[in-house]
Amino acid sequence: MPEPKRAKSLSSLRWIWGYLMKEKAVFIPSLCALFFTAVLSLAFPWFLKELVGNPADALRSKVDPAIVLAKSNRVLIELLCVLALQAVVAFFRVQGFIRSGESALNHLRRDLFGHLLHLPMSYFQEQRTGAVSNGISADLNLVRETVLTTIPQLVRHTVILIGGVIAVFIVSWKLSLIMLASVPVVVLAIAFFGRKVRKYSRDAQNSLEEAGTVIEESVQGIADVKSYTNEHFEASRYDRSLASFLNVTIRGAKTRAAFLAFIIFALFGTISFVAWCGARMYAQGEINWENFAAFILFSIFVGASLGTFPEIISALQQTAGATDRLREIIDH
């Protein structure tokens, strides 16, 4: 019985995680540092809210300008200290992720090459050598991009998203419920478009692999190609492979573009509607200015983090397709 696509995708990601755990002495501290810097990112809207203050206070004659300046100086110094700490931790975190990620990928490369060397001759007789080598190279590049870029982004924006949602609930639960009403729509869109993106990604990899195979076979057999004057035939084969790759890529780009356009409209439309509701609540005295400003600032952070998830999910879907193919080789 074939493994369901969703379970297969999660299994592929767990497979990558297993290689990362071989470098856990470096990877785990880097992951903790990533959590820490993500939490510190949430301090920015809070300090910014304190720095802006309530503009209505400026209209009151009893406000002492010296007190306002002292408060703004204190808030600015505290904010700069937090940003400096975040920058220092981020410096070591990036180094750790690159070191552990590249080491984990070297483990994967060794396992793949070692397994290929031990496969029977029947496997290589059934497969085209160029297709195998080009496929492994392309798939490993996708996995590398995921390990070094996508996974850190996923962790960082997940922390910011969760922390931001908690913050807006503390500020105003009414406005938070209005904002979160859009989440089920986004989740359903991710599930629908993500399945299509993964299919197009796998088809594109197969087409690109075919094009690379044509080059490798033509170069290896260049003497035969010239002896039989097959230059035009080989060029036509390559053109057909490239046309197939371009066709699949364009169809996949349309799907991803439609997904991104929908997410942009849904997220920023929701934030605009929530800001409108908040303005009405402020006018009616249901929320004070400080909480309203904090809600808007945290909502922007939540919206920005949620807006990155389509690209992250798309990248994970592509990586799942690549790891499926790599696991097929190792499981052979």
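## Basis and overall organisation

Contact here means heavy atoms within 4.5 Å. Among contacts in the protein chain between residues at least 6 apart in sequence, 87% join residues at least 24 apart. This is a predicted model, in which local features need pLDDT of at least 70 and side-chain atom pairs count only at pLDDT 80 or more, while totals for chains, interfaces and linings use all residues. Residues are numbered from 1 along each chain as its sequence is written, and side-chain values use heavy atoms, with hydrogens and water left out.

The protein chain holds 11 helices and zero strands, where helices (H or I, at least four residues) and strands (E, at least two) are DSSP runs numbered from the N terminus. Of the 332 residues in the protein chain, 42% are buried, a class defined as under 20% relative accessible area, with exposed meaning over 50% and partly exposed lying in between (1.4 Å probe, protein chains only).

## Helix α7 against helix α10

Two packed helices are described by the angle between their axes and the distance between the axes. For helix α7 (residues 173–180) and helix α10 (residues 231–283), the axes come within 9 Å and cross at roughly 160 degrees; axes are lines fitted to C-alpha atoms, for helices over the stretch in contact, and angles run from 0 to 180 degrees between N-to-C directions. That crossing angle makes α7 roughly antiparallel to α10, given that angles over 145 degrees count as roughly antiparallel, under 35 as roughly parallel, 65 to 115 as roughly perpendicular and the rest as oblique.

On the α7 side the contact is made by K174, L175, I178 and M179, and on the α10 side by T270, F273, V274, C277, G278 and M281. By class, this contact of α7 with α10 has seven nonpolar, two polar and one charged residues, with Ala, Val, Leu, Ile, Met, Phe, Trp, Tyr, Cys and Pro counted as nonpolar, Asp, Glu, Lys and Arg as charged, and the others, Gly among them, as polar. The buried residues of α7 are L175, S176 and M179. They cover an arc of only 105 degrees around the axis, which puts them on the same side of α7; the arc is that of the directions from the helix axis to the C-beta atoms.

## Helix α10 against helix α11

Helix α11 (residues 289–330) packs with α10 at an angle of about 170 degrees, the two axes being 10 Å apart, and α10 and α11 are therefore roughly antiparallel to each other. Among the residues making this contact are R256, F259, L260 and I263 of α10 and W289, F292, F295 and I296 of α11. By class, the contact of α10 with α11 has 15 nonpolar, six polar and two charged residues.

## Two alanines

A275 has its place in helix α10 and, at 24% relative accessibility, counts as partly exposed. Leaving aside neighbours within four places in sequence, A275 is in contact with F292 and I296, and its C-alpha atom is separated by 9.2 Å from that of S299, 24 residues apart along the chain.

A315 is found in helix α11 and touches T146 and T150, not counting residues up to four places away in sequence. Between A315 and I151, which are 164 residues apart in sequence, the C-alpha to C-alpha separation in space is 9.7 Å.
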